[in-house]
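Subject: Structure handover

Hello,

Here is the structure I said I would pass on. Please open it first, then read the notes below it.

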Amino acid sequence: MGCDRNCGLIAGAVIGAVLAVFGGILMPVGDLLIQKTIKKPNGAIFEPSLSVGTEADNFTVLNLAVAAASHIYQNQFVQMILNSLINKSKSSMFQVRTLRELLWGYRDPFLSLVPYPVTTTVGLFYPYNNTADGVYKVFNGKDNISKVAIIDTYKGKRNLSYWESHCDMINGTDAASFPPFVEKSQVLQFFSSDICRSIYAVFESDVNLKGIPVYRFVLPSKAFASPVENPDNYCFCTEKIISKNCTSYGVLDISKCKEGRPVYISLPHFLYASPDVSEPIDGLNPNEEEHRTYLDIEPITGFTLQFAKRLQVNLLVKPSEKIQVLKNLKRNYIVPILWLNETGTIGDEKANMFRSQVTGKINLLGLIEMILLSVGVVMFVAFMISYCACRSKTIK
């Protein structure tokens with residue numbers, strides 16, 4: 001009788017242990033399910049959208065060719081020649097252009113008079129329409145799922161050759177996805193060729209996106225701070241005059257990756273920029289809700305299911321004694337040209353698929369894991385305590 005009871009208690013403990021072990025075995029099964037999901041995406045996730053921060057068909061904009069040429073060619077004799085060509089072409093500091101011309105290019109009358117071969121078409125995205133960004137080599141996560149989507153090389157290199165020290169590194173992913181099991185405490189790094197650097201985002205809030213729980217990560221103001229406030233940004237300060245000895249913040253000089261053209265990148269309406277940058281410009285109304293960049297990431301898979309990339313393109317304009325249209329300027333100006341709002345969100349059909357085939361299965365598997373582990377541990381502990389109690393009574 002005592003043997004049957006003791007054997008039964010031991011059998012119960014063994015069953016509990018088996019259940020707990022089986023629950024633990026399901027954990028790598030969940031990892032394999034996530035890995036399979038990441039490796040075999042079913043079509044495009046996003047419904048993309050791109051808008052530009054102006055609705056006018058024709059609008060007055062800074063003369064890109066004049067501003068760029070005066071910055072690139074600093075020699076006074078060359079600037080005298082430029083001045084004669086600018087006057088002959090009847091160009092001024094500002095001009096009226098359509099949005100299509102500004103984005104994709106127009107034939108500039110000033111450049112058309114230059115007596116040696118130069119590109120006479122000017123546009124913010126010229127000649128990049130219908131072209132590739134470059135070849136990315138990324139990790140597929142086969143050997144280490146924590147490295148999935150991480151960029152190994154871009155255009156065959158691990159560095160950009162634009163900046164010094166760690167600023168020149170290509171870090172993280174392309175922001176379309178991140179390694180799975182994203183945690184709120186993480187700092188998510190990603191590379192953007194649009195701004196010629198790697199940057200990062202930090203957790204802000206939980207968001208429910210079409211029934212899918214996601215984490216919202218935002219670009220913090222610290223990422224755009226001066227080296228005085230954020231010493232890690234020292235290598236993004238490449239000159240001392242425009243940056244006021246590296247104390248200005250909120251704008252990034254990317255002229256080195258734009259063939260010397262004086263292009264500065266910022267958030268729209270100079271959000272997070274220092275007063276010396278924004279105060280000379282009228283009509284600015286920065287606010288985080290409309291002008292910040294964010295990523296909504298499903299934490300289990302690491303997929304970015306919604307995003308908003310906001311970006312402002314600016315041009316540096318400097319006074320010039322030899323160029324008439326720039327002669328009356330009293331100081332250097334970083335002049336906004338336009339701002340872009342690129343957004344994307346998971347479609348309704350893809351959201352339904354994601355809930356049923358990805359998060360639904362993973363959540364169910366996680367629930368089964370917890371039940372098996374909990375029941376198994378409780379059974380094992382309870383039966384072992386009972387067995388020990390019975391053994392002690394038998395000995396007495």
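A disulfide is taken here as a pair of cysteine sulfur atoms within 2.5 Å. By this rule the count comes to three disulfides. In general, a disulfide is a covalent bond between the sulfur atoms of two cysteines.

Two notes on the source come before the details. This is a predicted model, in which local features need pLDDT of at least 70 and side-chain atom pairs count only at pLDDT 80 or more, while totals for chains, interfaces and linings use all residues. Residues are numbered from 1 along each chain as its sequence is written, and side-chain values use heavy atoms, with hydrogens and water left out.

Some terms are needed throughout. Strands (E, at least two residues) and helices (H or I, at least four) are DSSP runs, numbered from the N terminus. Buried means under 20% relative accessible area, exposed means over 50%, and partly exposed lies in between (1.4 Å probe, protein chains only).

The disulfides

With bonded cysteines counted along the chain, the disulfides follow the pattern 1-3, 2-6, 4-5.

Cys-167 is bonded to Cys-235, with 1.9 Å between the sulfur atoms. This link is right-handed, with 70° about the S-S bond. Cys-167 sits in the loop between strand 7 and strand 8, and Cys-235 in the loop between strand 10 (212-218) and strand 11 (251-253), so the bond ties together parts that are 68 residues apart in sequence. Both Cys-167 and Cys-235 are buried.

Cys-196 is joined to Cys-257, again by a disulfide, with an S to S distance of 1.9 Å. The torsion about its S-S bond is about 65°, so this disulfide is right-handed. The pair links distant parts of the chain, 61 residues apart: Cys-196 is in the loop between strand 8 and strand 9 (197-209), and Cys-257 is in the loop between strand 11 and strand 12. Cys-196 and Cys-257 are buried.

Cys-237 and Cys-246 form a disulfide with sulfur atoms 1.9 Å apart. Is the link of Cys-237 and Cys-246 right-handed or left-handed? The link is left-handed, with -85° about the S-S bond. Cys-237 counts as buried because its relative accessibility is 18%, and Cys-246 is buried at 9%.

Two strands pair if DSSP finds at least two bridges between them.

- Strand 12 (residues 263-266) runs antiparallel to strand 14, with four bridges; Ile-265 has Val-313 as its bridge partner.
- Strand 13 (residues 294-297) also runs antiparallel to strand 14, with four bridges; Tyr-294 stands opposite Ala-308.
- Strand 15 (residues 333-346) is antiparallel to strand 14 and joined to it by twelve bridges; Gln-312 has Trp-339 as its bridge partner.

Strand 13 and strand 14 form a hairpin with six residues between them, and Gly-302 in the turn has a positive phi of about 85°.

Asn-341 is in strand 15 and is buried, at 16% relative accessible area. Its side chain makes a polar contact (a pair of N or O atoms within 3.5 Å; within protein, one must be able to donate a hydrogen and the other to accept it, and residues adjacent in sequence count only if both atoms are side-chain atoms) with the side chain of Arg-310, at 2.8 Å.

Regards
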